[in-house]
Amino acid sequence: MSAGSEQHPLRVAIVGSGPSGFYAAEGLLKSGRMVRLDMFERLPAPFGLVRHGVAPDHPKLKEPIRIYDRIARVPEFRLLGNVTVGRDVSVEELRAAYHAVLFCCGAESDRRLGIPGEDLPGSHTATEFVGWYNAHPDYRDREFDLSQEVAVIIGQGNVAIDVCRILAKTVDELKHTDIAAHALECLAASRIREIHLIGRRGPAQAKFTTKEFRELGELADCDPVVDPADLELNTESLAELEDRAGSVAKKNLEVLKGFASRPARPTRRRVFLRFLLSPVELLDDGGGGGGGGRLEQVVLERNRLEGGPFRQTARATGERLTLACGLLFRSIGYKGVAIPGVPFDPRQGVFPSRDGRIVDEAGAVIPGLYAAGWIKRGPTGIIGTNRADSMATVNSLLADLPTLDTGPKLGAEGLAGLRPGQGPRVVSYADWLVIDGAEVQRGASKGKPREKFTRVAEMLRLLDRPFREKPTEP
Ligand code: NAP
């Protein structure tokens, strides 16, 4: 008999507590089957990128947390926070303890530029900066030299826009958000005057969405700067704008034209939107990328576009220019990270899968292993995109029920590494609510929605009692 009945519930381990994990939980809970869900999260705080990725000045984008909160309170769901799969419990152990293991662990690392000097002090990934200002414990101690006057951001996606906005905003624009206190303090002392947002292709190929892009023109003390010559498009780009698939680009172009034509204000900071440029080398104060110094200049190469509409790629022209900058952020896309015991495609940074079913090197489905969200499809789309993606994987899982290992499964109780006194202090959802309440309280006196804890130990110290099984009130 396949699992999913009152006597024989379907036990699923969900690895990761971001949007794709919660949407997968929602799909399973609404499946009409009797399920028991254990969600594993390596931090004591749930919600993944919604907590640690969404920009602090975009509180509306964090509203899905209300839905996740409702899911987390149902009796069939348990959070096992502060547990790292692959370290505290192995994938093999999970496979033995659950009918299915569903990986929703996102994309925690970054693509590389692959150019000399990429790792010079002063050159950072957007992930580090975003994690730092969002109080992610992994990035708490990162340092960004905001005494520099020129910052460069490579990439023109929404993450690049977030990084740009946080660098460009005044303290007054940020102080009532949930930005980490340490970041606000550093940003308050920032001497940055120029931010260069650099795309390797043209304005019609920029990846940002219009609403986010438009905000660059609404900042209190920073103006966008656009060279009108950059807005003269080639025939292929014009064709893209006329196509329905180019509707966002068309709106972005309108915003760019507005930026280019408006009178300049005497602002403290300016954002230069620059196109058809690729970084080819980062130079230190000794003039080279390997000299042990810190970032002083970025060498850029001018590109031209090649290929038909929607297939245009950047081709180097050989013309080079240098830009003096002491701070650079690489915002060229995230990448998933491997977990021992799961096939991994290092090039794409995903767990290879078919319809959400994880496959081995030969392309054969590994029974009982599933993926959803960014670790399945790569780092694209907005938070809501993950709902349909997770539902599709859940449908595959449900369709497989007759073929899954149908024996009784113990769930978390079957995991030796999590027995009391043996492994990490497991953080339940009720425990999280204690941490959550404390953060909200810390923020109240500053007029912030919350002041996040930035260290795991700080959060665990709050949990006086050993383990809270379930929240006490709905
Ligand atoms: P993204 O949208 O894929 O943008 C990546 C950017 O990096 C593109 O401009 C890309 O240019 C460029 N790039 C890639 N490789 C490069 C290279 N080797 N050299 C130079 N440039 C390179 O990624 P993202 O900004 O990290 O965003 C990830 C996802 O999260 C997106 O779906 C985004 O919309 C979403 N997000 C949404 C929000 C929001 O809704 N407010 C906020 C943040 C993130 P090409 O186009 O030429 O490849």
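Into which domains is the protein divided? Let's find out, view by view, in this predicted model.

**View 1. Two domains make up the protein.** Domain 1 takes in residues 10–108 together with 335–461, while residues 112–332 belong to domain 2.

View 2. The size of an interface is often given as the accessible area lost when the parts come together. For domain 1 and domain 2, about 2,100 Å² is buried between them, and carbon and sulfur atoms contribute 49% of that area.

**View 3. Salt bridges and polar contacts cross the interface of domain 1 and domain 2.** Side chains of opposite charge can pair when their charged atoms come close. Six salt bridges are found across this interface. There are also 15 residue pairs in polar contact between domain 1 and domain 2.

**View 4. Arg 455 pairs with Asp 141.** Look for the salt bridge between these two residues, where the closest N and O atoms are 3.0 Å apart.

**View 5. Arg 51 pairs with Glu 439.** The model holds 43 salt bridges in total, and this is one of them, with 2.7 Å between the closest N and O atoms. Arg 51 sits in helix H2 and Glu 439 in helix H14 (residues 429–444), so their pairing ties together parts that are 388 residues apart in sequence.

View 6. A polar backbone atom of Val 159 is 3.1 Å from an oxygen atom of the ligand. The side chain of Lys 207 has an N or O atom 3.2 Å from a ligand oxygen atom. For Glu 212, a polar side-chain atom lies 3.2 Å from a nitrogen atom of the ligand.

Conventions: Residues are numbered from 1 along each chain as its sequence is written. This is a predicted model: local features need pLDDT of at least 70, side-chain atom pairs count only at pLDDT 80 or more; totals for chains, interfaces and linings use all residues. Side-chain values use heavy atoms; hydrogens and water are left out. Domain bounds come from an automatic or database domain assignment. Buried area is the accessible area (1.4 Å probe) that two parts lose on being put together, summed over both. A salt bridge is a side-chain nitrogen of Lys or Arg within 4 Å of a carboxyl oxygen of Asp or Glu. A polar contact is a pair of N or O atoms within 3.5 Å; within protein, one must be able to donate a hydrogen and the other to accept it, and residues adjacent in sequence count only if both atoms are side-chain atoms. Helices (H or I, at least four residues) and strands (E, at least two) are DSSP runs, numbered from the N terminus.
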